[in-house]
Amino acid sequence: MTSSSQIAAILESPSAERNKGPIYDMVLGSKVFPSLMENNDNSKKIRVLELAAGCGVHSTYFVSKALAEGMSVEWHPSDPDLEARLSIDARVQRDNLADSIRPANGWILGKAGGTACNDGHRDKGDAGANNNGIGGVEADYSQHHNNFDLVTCINMIHIAPWEATIGLMECAGKTLRKGGILLCYGPYKIGGTAVESNLNFDRSLKSRDSRWGVRNLEDVIEEAKKAGLTFDSYTEMPANNLSVLFRKEA
């Protein structure tokens, strides 16, 4: 049963509400999960690490959809922002998903991790270790090497310092099993350019924090290579976003 304090902890993300359906229908449900199940013993759970999980909209929606389709999943949400983690855990309790979704951890990616909570518009939103004690903890993957079938990172790369992307790739490279998949979703530039709305968004991000910005997809792919991840494909999504898939080399 969800307490009144847990209900009060639940935060909202309009952008996550808008994109959760397309991400599942166009990518996770139609491409990623079927591919993982082909290469996995059907009796085993699909283990997922969700980095920069925000306030839990994606966690609960994706798991609910997967369970409804007969899949067995073990979902590990992660966010360096304490308020985001409290929101995730409250949503899990409210939706009775504790058997499938583990308590949120506070891993910081690189020097700072991003959060999609509140549409990424937190003025102090890095949730880094110096953020008045509300930040996360240095990521420790020692118990999770080669453990996950899938790592997801939605709407983080552009609203965090580049060090967070480096940390993301390092984390995925270490924690994914061989043949596992990394899904990154958000706006990107290709060949140094993008549609006008994303270029305007890039300027807006940089005006708020010079370390933020819409990244070149080629730079993200190159960083992934350093961690043993191979670019697989991308899917064009609504609102000029991309879902980009990488695989850990077998």
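Trainee: Which helix do Lys20 and Glu17 lie in?
Mentor: Keep in mind that this is a predicted model. Both residues are in helix 2, which covers residues 14-38. Lys20 and Glu17 sit 3 residues apart there, about one turn of the helix.

Trainee: And what do Lys20 and Glu17 form?
Mentor: A salt bridge, with the closest N and O atoms 2.8 Å apart.

Trainee: Is Glu17 buried, exposed or partly exposed?
Mentor: Glu17 counts as partly exposed, because its relative accessibility is 32%. Buried would need under 20%, and exposed over 50%.

Trainee: Okay, zooming out. How many helices and strands does the chain have?
Mentor: There are 7 helices and 10 strands. The chain has 250 residues, and 56% of them count as buried. Of the contacts with a separation of 6 or more, 79% are between residues 24 or more positions apart.

Trainee: Let's look at helix 6. Which of its residues are buried?
Mentor: Asn198, Leu199, Asp202 and Leu205 are. They cover an arc of only 120° around the axis, so they are on the same side of helix 6.

Trainee: What do those buried residues pack against?
Mentor: Strand 7 is what the buried residues of helix 6 pack against.

Trainee: What span should helix 6 have?
Mentor: With 13 residues at 1.5 Å a residue, helix 6 should span 18 Å. Its end C-alpha atoms are 19 Å apart, which agrees.

Trainee: Asp202 is a charged one. What is its salt bridge partner?
Mentor: Lys206, with the closest N and O atoms 3.3 Å apart. Asp202 and Lys206 are separated by about one helical turn, because they are 4 residues apart in helix 6.

Trainee: How accessible are Asp202 and Lys206?
Mentor: Asp202 is at 5% relative accessibility, so it counts as buried. Lys206 is at 41%, so it counts as partly exposed.

Trainee: What about Arg203, which residue does it form a salt bridge with?
Mentor: Glu196, and there the closest N and O atoms are 3.2 Å apart. Arg203 counts as partly exposed at 47% relative accessibility, and Glu196 does too at 48%.

Trainee: How many salt bridges does the count come to?
Mentor: The count comes to 14.

Trainee: Last topic: which residues form a nonpolar patch on the surface?
Mentor: Ile190, Phe231 and Tyr234, with about 240 Å² of accessible area together. Ile190 is in the loop between strand 7 and helix 6, and at 38% relative accessibility Ile190 counts as partly exposed.

How values were computed: Residues numbered from 1 in each chain as written. Predicted model: local features only at pLDDT ≥ 70, side-chain atom pairs only at ≥ 80, totals over all residues. Heavy atoms only, no water. Patch = residues over 30% accessible without salt bridge, like charges linked within 9 Å, V, L, I, M, F, W, Y side chains within 5 Å. Areas by Shrake-Rupley, 256 points an atom, 1.4 Å probe, with all protein chains shown as cover. Salt bridge = Lys/Arg side-chain N within 4 Å of Asp/Glu carboxyl O. Helix = DSSP H or I, 4+ residues; strand = E, 2+ residues; numbered from the N terminus. Buried < 20%, exposed > 50% of the residue type's maximum accessible area, 1.4 Å probe, protein only. Contact = heavy atoms within 4.5 Å. Expected span 1.5 Å × (residues − 1). Arc of directions from axis to C-beta.
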